[in-house]
Amino acid sequence: MSFLRSVGGPAFGPRDRIVVVGAGAAGWSAAGELRRLGFAGELVAIGAEPTRPYDRTACSKGLLNGHQKPKDTVLDLRGHPQVSWRTGTRVLDTDPYGRRLLLDTGETLAYDGLVVASGTRATLPRGWPTGPGLHMLHDLADARSLRSALSGAGRVAIVGGGLTGCEVACAVTGMARSAVLVNSQRFLMPRSVGEPIGALITAAHLASGIDLRLGRKVADAEPRRTGWRLLLDSGETVSADLVVVTAGEKPDVDWLANTPADTSDGVLCDASLRVAGLDGVVAAGSVARWPDRRHGTDAPRRVGQWIMAVEQGRAAARTLLAGDYAPPVSLLPRFWSDQNGLRIEVCGRLSDQADVHVTELRPRRRDTARAGVVADYVEDGRLAGVVAVNAPRAFTVACRTLLNEPVPAPVRVTIPEPARFEEYQPLRLVR
Amino acid sequence: MLRTAQDSVHLVAATIGFVSYAALWGGTLWGTVLRSGWATSRLRHQTVYSVHMHVVLLGLTLGIVHGIVQMAAPYGKVRAIDVVVPFIDRSDPIGVGLGVVALELMIATALSVLVQRKLGYARWRALHSLGYLSFTMVAAHLLISGSEMYPAPVRTAVAGSWAVVVLAGVSTVAPVARMPRAVLDRLSPRHRAEEVTVAVDPGKCGSFGFCEQEAPGIFTLRSDQRLAYRSVVPSDQAEAAMRAAVVCPARAIKLGRLPATVVVSQPGADTSTVAPLATTLTPHTGTQAAVPDTHADPHAGSLARMAAAAVDQGTGSHPRPALTDTGSFPAVGTGPQPRVAADAGSFPRVGAQARVTDTGSFPRDGAQTRVTDSGSFPRVTDSGSFPRVTDSGSFPRVTDSGSFPRVGAQPRVPAGDPRSYPPAGVGQHTGPQPGLRPVGANGHTRPPAVTGHGSPLPAVGTPPGSLPPVAPAPANGHTGPQPALRPVPRPPARAPQPGLRSVGRRAAADPPPEDPLPAPDQLQDTGRHHLPRLRGIAGGRS
């Protein structure tokens, strides 16, 4: 097949089957885009979760505080005609030469084109005990169980002060429960919004009644009869009915371990989102590690954001159908968060080396973040990233500037040599 | 004139009742504004909402006072229980009873706002529309029991105000609200196909402004943080509207129609039965390329006619109607070159003539039908439930697969899958669906797939591991579609065939037939260069 493609023309035609592994935002948009671009063959989307594709961002936002029901988060499938959604199915192994997948149902599924959009999994820090009352927040089932557990809880400890942790803390305080947030940094959301805005948001959250334990780490977690007790490295203890750990996630790439693809951190892709070392395979979503020309460096990196996942899914679908002519994919990272009335919006890259210009929209107000503030990250005299809190209009103007600015020249990525065919181990057929 | 206490109480109660009715009328009417699209772009949602809430609460409070005041009359016939339990009043059971029911219903409707989150928006919305029912009862109560109702103008005013509220309420119901547009569409049917409607849910919109980043021509976030948007979008901005709907953090944007041209294979034509394994073992001689197989295919006609038709259409031997605008990325098949793409995954290209011949006489199964944009979404069969793929698992040759020799396309033929083979018989159409455009550019519909040429199909349900019987070559030497087993070392000599070479405009752009085919050992090189090459997609819109 690949020989044929090398000689000449075939796209994925009506006799081909494209399999999308992952039914999250990236897989959903990739499947829709494939159909939209006219792919007429068989399209199979495999999702590990037993639900229809849904809006994962609602798990820490609307679903927790009750603004949304699970039904409200279901994604629109009107643009996805004749897609076989195989939900509740995992892919165990891949045969990249025979182009087959081994599913956990025991069957093998052949593919002509493959979209890797399996996303990430939430992970618990090493050495943590598990038990009732300890929650992670990644998917719909997690959100549902946490929501039902919150109804009977009075005090909730949240470990990790990233975006998810802050949103959970805000949802908890919005439900009139007390929240204790343990973060290893001196301010909240260090990676997401950077230091200046992070410090302002930290002040706003402190003022709104969230109990912040900043600069502390959890040394020990101990399940008690009625709840949990966390021992911090400063020696203090935190008792809570529930513990929500939002401390990290890991790409779901085990099913690609048997292929020549580089799965050390996600799946290494080239600039067009083709998986390096595999033929006819593209990747999208938080599992894809690819060199973005917009990011300025050659280092491929993963981005775990909703809008990015959707746009990557579409770009990956285009790459898959376009093959050799696929242009490099360059996308602007963007995300948002709504925390206790703070509308946080971020786009572009926030590097440590950039000059940061902070503009307050109403300078005399004491609650700076709530009154509106914008931070521009400027690198070499050019705008590289914007963080805005309660300043949607200024953010929109800046973001459109970033979107319209020409993308720099493509970066080169070294693609590892694919393994020889003879070295390949065949599928571990279980039966 | 000295009024009795009875009269005074009645006067106060009636006045309060009238004012209450007026407030309820205004509040209910204002509530319909909350649902209508035009107000959301002109008025702030929060303002509209609070006006509605306060006016209705005022009317409700006055209504309660109206009921209580009735009990204050010294010789009144209204007891406390009459104000609470309906239809037990002795003098006017129906009129008073309607008022009591209306009041209680309205209180319940108002209180349901408190549990709105618990109910969920849709259920609460259904409950809240009981407000129209209770307002109707209030109007009936006024007409039946009102003591000042005798003059005809008053009756007309009350009935008219009720009718206005009901009409306004009905006009916000989605089917009715769409009606003017449906009428317009009927008058000019092409109008709809060119446009996409946009609706923003004002209750959900968080004014993040992401939509304006994607589609500044459609959405504008004003300085007062209201969102202004165009509710009807021309097709050239439809893609931007779709991107805006996707990135909206609050998921508040709904599109009336997705800007897509959806190509789906026909339900009857299963795409997985391209190549029975037996035929893969038959070496491709290439001789059949020049022989049009007119015996088996009555539709085929002469090659020259086909070629001429294809040239006329400009779409080549594998005609696909050009797709409409899909935005920034050119659609599949918009290129002028003939499309061989459809099945070459299992068919080695040995030269242009092979393509032409097979296209005419050997129809591809999985023939495509282009479903044009029709405003609705054709054949979304899987939006509600999730059909399991039934034919995905079993391979005929799974068991003997210690290693996977690359013998080309493995037929995905599950045993006993009824969908696996298209219905046999020459005359049966797998082509056009009723109401859709015919597939072939030359006007003829494609005869059914693969089968009707005398090459017997392998038995359905061949046990895995055993090869189906090798198909005997038919008299004309054609052995059906040839998956790539082994490339022919050299394509057959390309006799000058002017008629064939003129098929499609790609002839000039075709790679020369003397292109060295890759040696078989090169097949193992699965670098990333071997992805499909589709000029129609990446080469810019033509």
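Me: Which residue in β26(A) stands opposite Val346(A), and how do you know that the strands pair?
Reply: Val346(A) faces Val387(A) in β26(A). Two strands count as paired if DSSP finds at least two bridges between them. Strand β23 (residues 342–348) of chain A has 5 bridges to β26(A), so the pair qualifies, and the two run antiparallel. This is a predicted model, where local features need pLDDT of at least 70, side-chain atom pairs count only at pLDDT 80 or more, and totals for chains, interfaces and linings use all residues. Residues are numbered from 1 along each chain as its sequence is written, chains are lettered from A and ligands numbered from 1 in the order in which they are written, and side-chain values use heavy atoms, with hydrogens and water left out.

Me: What joins strand β25 of chain A to β26(A)?
Reply: Strand β25 (residues 373–379) of chain A is linked to β26(A) by 7 bridges, in the antiparallel sense. Val373(A) stands opposite Val389(A) there. β25(A) and β26(A) make a hairpin with 2 residues between them, and Asp380(A) in the turn has a positive phi of about 50°.

Me: Why is strand β26 of chain A called mostly covered?
Reply: Buried means under 20% relative accessible area, exposed over 50%, and partly exposed in between (1.4 Å probe, protein chains only). Of the 8 residues in β26 (382–389) of chain A, 6 are buried.

Me: Why is Ser161(B) called buried?
Reply: Its relative accessible area is 12%, so Ser161(B) is buried. Ser161(B) sits in helix α9 (residues 152–171) of chain B; helices are DSSP runs of H or I with at least four residues, strands are runs of E with at least two, and both are numbered from the N terminus.

Me: How many of the residues in chain B are buried?
Reply: Buried residues account for 47% of the 542 residues in chain B. Chain B has 20 helices and 7 strands.
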